[in-house]
Amino acid sequence: MSLFRKFINYWLAFVKSYRTVTSFRWLVIGVLAGCLSGLVAVAFFLLVEAGTYFVQHYLAGIVSPEPAGEGIFHGPVGAFRPWVIPVFTTGTALLTGWLVSRFIPETIEGGTDGTDATINAFHNQGGIIRARVAIIRGICSVLTIASGGSAGREGPITQMGAGAGAWLAKMFDLSAKERRILLLAGAAGGLGAIFRAPLGGALTAVEVIYREDFEAEAILPAVMSSVVSYSIFTFFYGTDPIFGIPRFTFHDPRELLFYALLALVCAAAGWMYVRTFYFMKYHIFFPLREKVGLIWSMGIGGLAMGLIGILYPYTATDGLITGGVLSGGYGWLELAILGQIPALGMCYLIVGKTVATSVTIGSGMSGGMFAPALFVGGMSGGLVGKFGHAWFPDIVTQPGAYILVGMAAFFAGVASAPIGPLIMVTELTQGYGLLAPLMLASALCLVLCRNVSLYEHQVDNKFSSPAHAEDATINILEQMHVADFYNPGEVVVLQESTTLKELTDVIANSSQLYFPVKQADGTYVGMVSIQNVSNWMFDDGLHTLVVVRDLMSRPVYVRPDYDLYQALLRFVNTDYGQIPVVAQTDTNEIIGLINRDDVFQAYAEAIATVKGTAEGTADGGAPPTSTSPDRR
């Protein structure tokens, strides 16, 4: 019985000890977010695959290549009816326009790409994604991809996973900061599951919201959510990676020169990709929207996408007709990795995919730009691999590896996310054989694309985000110094041996509220406040018995070169109203006092300044990215 009681007491103590431990709490919440986002990913993938099979395979008679890890629906190919594609893309666009304008009009300017919409929700909407938004955008994305629109699954599932996280935050009544973290955890779960790369998905989710930073606090719940979501997804669809490809390795240092060239090519392709998208969106479809309205402008975009899909060159394979720019295009990437697409075909596909994606997403249709970006990046890297292998076959022995590296480097450049895509590729290849070229190409592409941004609502770092407006005051206070705020001059200093009667006379003749205390040898040893003395000073019997040594509390000081953030921390930790300022070279030489009210006033003004700047940026006071001239 005693052993049982000990076990119960131990367990209760263990649980109680974790009630206030943030990391344990986030582990639990991350598991919940992963369960929900994993189930959402399972349903979304099933609907996309079923819709794609029905519309493109069965109704239109178009059979595009599928990667080895996908294609869960198989059956007879229908009669060749290419007109089905523009009919469905146009109908999807009109339906999307009506649903958006009728039920979620707030998302019109918030980013039609799911990842960009999630970034916008994190920075500017308090981490809130309404369930209605996630559901409608998810359904419209299924219809867009299934009908042949050039868009990917990763963007929509990121938004839906983020919506699931936001819903959980609402259920648990979490704070705005916690809601944003849970938003990223849900997004990581969706991305890690649909791409079958749990670590890469988690890291991409926490770094893609910034250009030069990442959300460190969200890593733990994001990783937990991604692992759980991935496990649920693979329970239904298996653990095979998307691509059925051989393992690639890097073994010749001379090959790094070709990977550096790959970074240059991917940077150029990235610039073209982003510029084309913004041109289509802001110079074609925005003016068109003002003339004919949102619904009809999206309908025109859907019709244009459908026509591009059927008029763009086809490839006849075993008597079947395949389209080059329809849907995500992972099957084409696998063929390219296996060496079954010539260099000229890659060029055609790069141009076609760029235009088709710009028309699809730029017109306002729902979908993601993640998969098309990987497509264009992979094909761009494949060109370098093809030509390198043709001219230097003893150095470039595995041209297919350049497609994988191109995918990571391209996305790292246009999305300012160097780590997540790199890890994704290592998970796809199930090894670290390409780690060195992946790191080199991603770093170079990131530098070369520093003025290019695929996601409009990305900000540079935490200090540029309205979500971290209060955090930015630390940075501002660190730029202010005590020397500019303290009151220099003679300070009344007490001796340890000063009696309570003598102290009462000092207080009566001084305007100070806090008094430094020194020993006989001049060492600064403590502080005395009027508040502490007031309980004793009216008892005449104690006037000669109590000395300052009995009333003082611990010493604290600042130097003139200290910043105000250091001073603020000392005021918060001690609750003093005044703190001595000591000389630069001698902490026992007191040269003035700094008041708590002055520091707090500077803090309040910093808060107001940062919030005003952040609100101005969120309201359009500053362009979101350096590509803003294309969007005016």
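## A walk through a predicted model

I108 sits in the loop that joins α3 (84-103) to α4 (114-124). With a relative accessible area of 24%, I108 is partly exposed, because the buried class stops under 20%. Leaving out residues up to four places away in sequence, I108 touches V100, R289 and L294. From I108 to G97 the C-alpha to C-alpha distance is 9.4 Å, and the two are eleven residues apart in sequence.

How confident is the prediction? The average pLDDT of the chain is 84, and 87% of the residues score at least 70. Residues 14-21 have a pLDDT below 50, and this stretch makes one contact in the model beyond near neighbours in sequence. Residues 617-632 also have a pLDDT below 50, but there the model shows 31 contacts beyond near neighbours in sequence.

Next comes T144, a residue of helix α5 (residues 131-147). Is T144 buried or exposed? Its relative accessibility is 0%, so T144 counts as buried. The side chain of T144 comes to 3.1 Å from the backbone oxygen of S366. S366 is also one of the contacts of T144 that remain once neighbours within four places in sequence are set aside; the others are T92, G149, A151, T360 and M365.

F45 belongs to helix α2 (residues 22-59) and Y237 to helix α9 (residues 219-237), so the pair ties together parts that are 192 residues apart in sequence. F45 itself is buried, with a relative accessible area of 0%.

A further edge-to-face pair is made by F411 and Y455, at 6.4 Å centre to centre and with 70° between the planes. This pair links distant parts of the chain, 44 residues apart: F411 is in helix α15 (residues 400-415), while Y455 is in the loop between α17 (435-448) and α18 (469-477). Both F411 and Y455 are buried. They also belong to a cluster linked by ring pairs, together with F195, F243, Y330 and F370.

| Charged residue | Ring | Distance to ring centre |
|---|---|---|
| R102 | F103 | 5.0 Å |
| K353 | F375 | 5.2 Å |

Finally, the strands. Which order do the strands of the open three-stranded sheet take? The order is β4-β5-β6, and the pairing is mixed. The edges are β4 (494-495) and β6 (524-529), each with a single partner strand, so one side of each has no neighbour in the sheet. Strands in a sheet pair through backbone hydrogen bonds, in either a parallel or an antiparallel way. Here β4 and strand β5 (residues 514-518) run parallel and are joined by two bridges. Across this pairing, Q495 stands opposite K518 in β5.

Note on methods: Residues numbered from 1 in each chain as written. Predicted model: local features only at pLDDT ≥ 70, side-chain atom pairs only at ≥ 80, totals over all residues. Heavy atoms only, no water. Helix = DSSP H or I, 4+ residues; strand = E, 2+ residues; numbered from the N terminus. Buried < 20%, exposed > 50% of the residue type's maximum accessible area, 1.4 Å probe, protein only. Polar contact = N/O pair within 3.5 Å; in protein donor to acceptor, adjacent residues only side chain to side chain. Contact = heavy atoms within 4.5 Å. Pairing = 2+ DSSP bridges. pLDDT = per-residue confidence, 0-100. Phe/Tyr/Trp six-rings, centres within 6.5 Å; stacked < 30°, edge-to-face > 60°. Lys NZ or Arg CZ within 6 Å of the ring centre and 35° of its normal.
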